[in-house]
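Take a walk through this model, from the overall build down to single residue pairs. Have the coordinates open as you read.

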Amino acid sequence: MATGDVALGNAGVAAAQPAPGTNDDVSGASRKPVINDFSIQVATVNGSGSQSANNVLLRAIFGMGIPVSGKNLFPSNIAGLPTWYTIRASKHGYIARKKEIDILVAMNAETAKDDILSLPAGAVAIYEDSLDLKQYRNDVVCYPIPFDKLTATVCPEAKLRKLVKNMVYVGVLAKLISLDMKAVETALRRQFAKKQKASDLNWAAVEAGYHYASESLTKHDPFVLERMHATDGKIIIDGNAAAALGAMFAGVTVVTWYPITPSSSLVEQLIDYLKKYRVEPDGKATFAVVQAEDELAAIGMVLGAGWAGARSMTATSGPGISLMAEFAGLGYFAELPGVIFDIQRVGPSTGLPTRTAQADLLSIAYLSHGDTKHVMLLPGSVKECFEFAQAAFDLTEQLQTPVFVLSDLDLGMNNWMSEPFEYPEKPLNRGKVLSAEDLTRMNGFARYKDVDGDAIPYRTLPGTDHPQASYFTRGSGHNEKALYTERPDDYQNLMERLNRKFETARMLVPKPVIVQTGKSKIGLIAFGTSDFAIMESRDQLKKEYGVEVDYLRVRAFPFTSDVHDFVASHDHVYIVEQNRDGQMLSLLKLDLPAEDAVKLRSVRHFNGLPIDARSVTDALVLQEEI
Amino acid sequence: MATSTVTKPNPKVNRLGLQVLDYRGGKTTLCAGCGHNAISERIIDALYEMGVQPERVMKLSGIGCSSKSPAYFLSRAHSFNSVHGRMPSVATGALLGNKTMKALGVSGDGDTASIGVGQFVHLMRRNLPLIYIIEDNGVYGLTKGQFSATADLGSKLKTGVINDLPAIDTCTLAIQLGATFVGRSFSGDKKQLLAMLKAAIAHEGTVMLDVISPCVTFNDHEGSTKSYKYMQEHEDAISEVGFVPHFEDIAIDYDPGSTYDVTMHDGSHLRLRKLHENYNPTDRVTAVKALMEAHERGEVLTGVFYVDTAKPSFTQLLNLVDEPLALLPQERTRPSKQILQEIMAKLQ
């Protein structure tokens, strides 16, 4: 491509043409077994209870010690629309989305035809036998199953059958791919821990599927699981729960929110944790949670609480960020702390609000009126959701400015395997706050004076018992003593100090993670959830093309000097991101010297699905002309 | 003594030993004669007379002429001039951060009834312990005299433009939505406003005071229903407001037949002498009816319309620890290592 840019907007869901071939081509006899390295996609209808079945599958594979990941592709709807859940088992530990589906479980009659047509040749399809999907593909291994009949035998109550039916496919799969039934039962009992009756009923459904498959199916496909020990000691958690835990261990005290997918579960899980672990013996809470009337109020409360000295936060997504713009500007100018989690998703609320994206980067970096810029943290794993939540609270109080943590739907709402989180050993950093004693010693203070040369001023909290403690908080018009002013020099001094403070931030934010070979002239820069796809793509490039590429994962804005050095030391640097406009590319171009900015190239993935390694590899091969 | 020594008279002090001077603020930059300045004076008097420690107060405001006024009183208190119409959220956050503070919010009619009406109604619902004062002049002053949403139907601008939309009655709204102390006063009525402000300080819960405060520059002419003249001719007090602070002798007689005596949270007494038939400040329905009837008559009803001292405030409802959340030490806000390990074990 002449521009050197490749956009991958339509990658991922295009229906593959059935490959020519016969049934013999796909029979198991002629194919080598594929062990612990395939993907399963379950196509269902939302509201049918398939989430429980899919969790059991995920947990069972995890229980067999095999690295696994699960991704929910769901509609903005309560019940009745198509939903897909993708599980990937990978002995190599790849947990990004796999572009190709190896095993399809087609439980949704409405999408079944499209679902089977989208499979690559040699894949497997499991479906209700009345759907007769075999007619569409002769290059796919088909296992028609009498799901309804099997369900009826274990579940006399007709109204429960819709829910129980999903467990039948768990049993069928267990037999077909050698999923350990012990691991399945452990996962299932865990899932229904508090509901014995449901637990038994669902287990009966699993067994019915398993027995049917044992008696009636002959395996014609190569996909099997074998026990490993790669998940020992690991945990499974979603990014929103991880961020909630991070906030709790950061000592958050004021939480405000307005429900919006995909951020709601962050606050909901935080509320559960806080109720459990932050209520004192007398029943009183060391936290306040407010469901606000909208996102404008949510951030207003956060900044009010931050001003009063509390550790405060809110969580939202793109449209909420838009509404918070005005307050974000005031927070920047008046130098107020507060943490804002943005669980990014596709833009407006109608259409694809339940699909993932990394597309709020530019809007947050410069959110609001006038000259503003904001500190952003970019976690790339559930562990970093936990750690950066804590870092965000320290940074916001240290820097006295709002700090944004940008996760995304893929990270926030999907289950991820991780090392257990480590307890924070460092004490909380509450920033520069003066006490009444300090004020007596210093004979007063100037709220916006740069005393230490790092451009961060000192503040006092309301209620400080000293006649010189108070100051007046307002937007742009204040001098060092927080007195009203419209003088040109006062305003310019303020703006220059805020700029210097941003330079201080550059040194305090998390540094990038760099994987460097020392030989490669090609670099990759990515952030957030793209990490998993990049790691896998690097392996693909090495294995398939013999090309080694260096990799830098940005973890914060403003960029640290390491990012400059990385670009300077490579000929081409590909910025990989999950948005259309190359938002990270734009931020980097603004930050880098001109001679380095021209080295940047762009790989963009923006179809609402999580990015996958193959798409990155293909784009890079094309642009690099490998 | 026949000496020539000049003895300085001891300055008058309140129960904390502070002078009125200790409650003053910066020099006002509002127009001479602006109702807002009179309200600032009454706020100073009320805080001084009630003996409120200035450092224990937070002042919050939105945007507009009214919202500038916190700079003109109580310099020794922290103050936050926030965003147009969004002061309620900032006040909510600040009070959650430190519930031990006395919070005073100053807003205007544009700030409250138009851009901020969403936050206003939710503030009233929550019964946040905030004294919310609307300095109500029916026009946008800082942008030079456009109608606000509290301007009465038929009221006339200086330019001759007639308001053709009905006014939002902030008091009716506040009563309906759950505020627990609702009243209206007039910046020119020193005695009533001072008594209401003192009672407001004694109250625990949302106090909503709509204070008609004429704009001498843009809305004080013939044909305006928010002018000094109109108020002088149409003010109709529902009751005579008396207040006995908790630290003063309350052995002053009153007639229980004609006067409501309300015991406030701090033990002070609000005494409301009926001037209207069927007046009952603890009944929302009569309060709203009285307001609507007065409006029909073209009169501006003032006084305390509604008081409820039983409903828990928002900070009580949340069952927070006694200390300010902002000041809790790490030992009380970061759970132990053992708890993290316990959580991790469950996720394995």
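Predicted model: local features only at pLDDT ≥ 70, side-chain atom pairs only at ≥ 80, totals over all residues.

Residues are numbered from 1 along each chain as its sequence is written, while chains are lettered from A and ligands numbered from 1 in the order in which they are written.

Start with chain A. Its C-alpha atoms fill a box of roughly 85 × 65 × 40 Å along the principal axes. Chain A holds 21 helices and 24 strands. These are DSSP runs numbered from the N terminus: helices are H or I with at least four residues, strands are E with at least two.

Of the 626 residues in chain A, 54% are buried. Buried means that 20 or more other C-beta atoms, placed from the backbone, lie within 10 Å of the residue's own. Contacts are counted when C-beta atoms, placed from the backbone, lie within 7 Å. Among contacts in chain A between residues at least 6 apart in sequence, 77% join residues at least 24 apart.

Now find the open sheet of six strands. Its order is β4-β5-β3-β6-β7-β8 in chain A, with mixed pairing. Two strands pair if DSSP finds at least two bridges between them. The edges are β4 (68-73) and β8 (141-145) of chain A, each pairing on one side only. Neighbouring strands are turned by 15° against each other on average, direction ignored. Helix α1 (residues 50-63) of chain A packs on this sheet, touching β3 (37-45), β4 and β5 of chain A, and its direction makes about 5° with that of β5(A). Such angles run from 0 to 180 degrees between N-to-C directions, with axes fitted to C-alpha atoms, for helices over the stretch in contact. β4(A) pairs with β5(A) (residues 82-90) in the antiparallel sense over six bridges. There, A:Leu73 stands opposite A:Trp84.

Next comes β23(A). Five of its six residues are buried. β20(A) runs parallel to β23(A), joined by four bridges, and A:Gly523 stands opposite A:Val573. β23(A) also pairs with β24(A), again parallel, over five bridges. Here A:Val576 has A:Val603 as its bridge partner.

Which residues of helix α19 (residues 583-591) of chain A are buried? They are A:Gln583, A:Met584, A:Leu585, A:Leu587 and A:Leu588. They pack against several elements of chain A, including β20 (522-527), β23 (572-577) and β24 (600-604).

Last, the contact with chain B. 49 residues of chain B are in contact with 56 residues of chain A. The largest share of the chain B side, eight residues, comes from α3(B). By class, that side has 24 nonpolar, 18 polar and seven charged residues. Ala, Val, Leu, Ile, Met, Phe, Trp, Tyr, Cys and Pro count as nonpolar, Asp, Glu, Lys and Arg as charged, and the others, Gly among them, as polar. Strand β18 (residues 472-473) of chain A pairs with β2(B) in the parallel sense over two bridges. One bridge partner pair is A:Phe472 and B:Ser79.

How values were computed. Buried ≥ 20, exposed ≤ 12 C-beta atoms within 10 Å, placed from the backbone. Contact = placed C-beta atoms within 7 Å.
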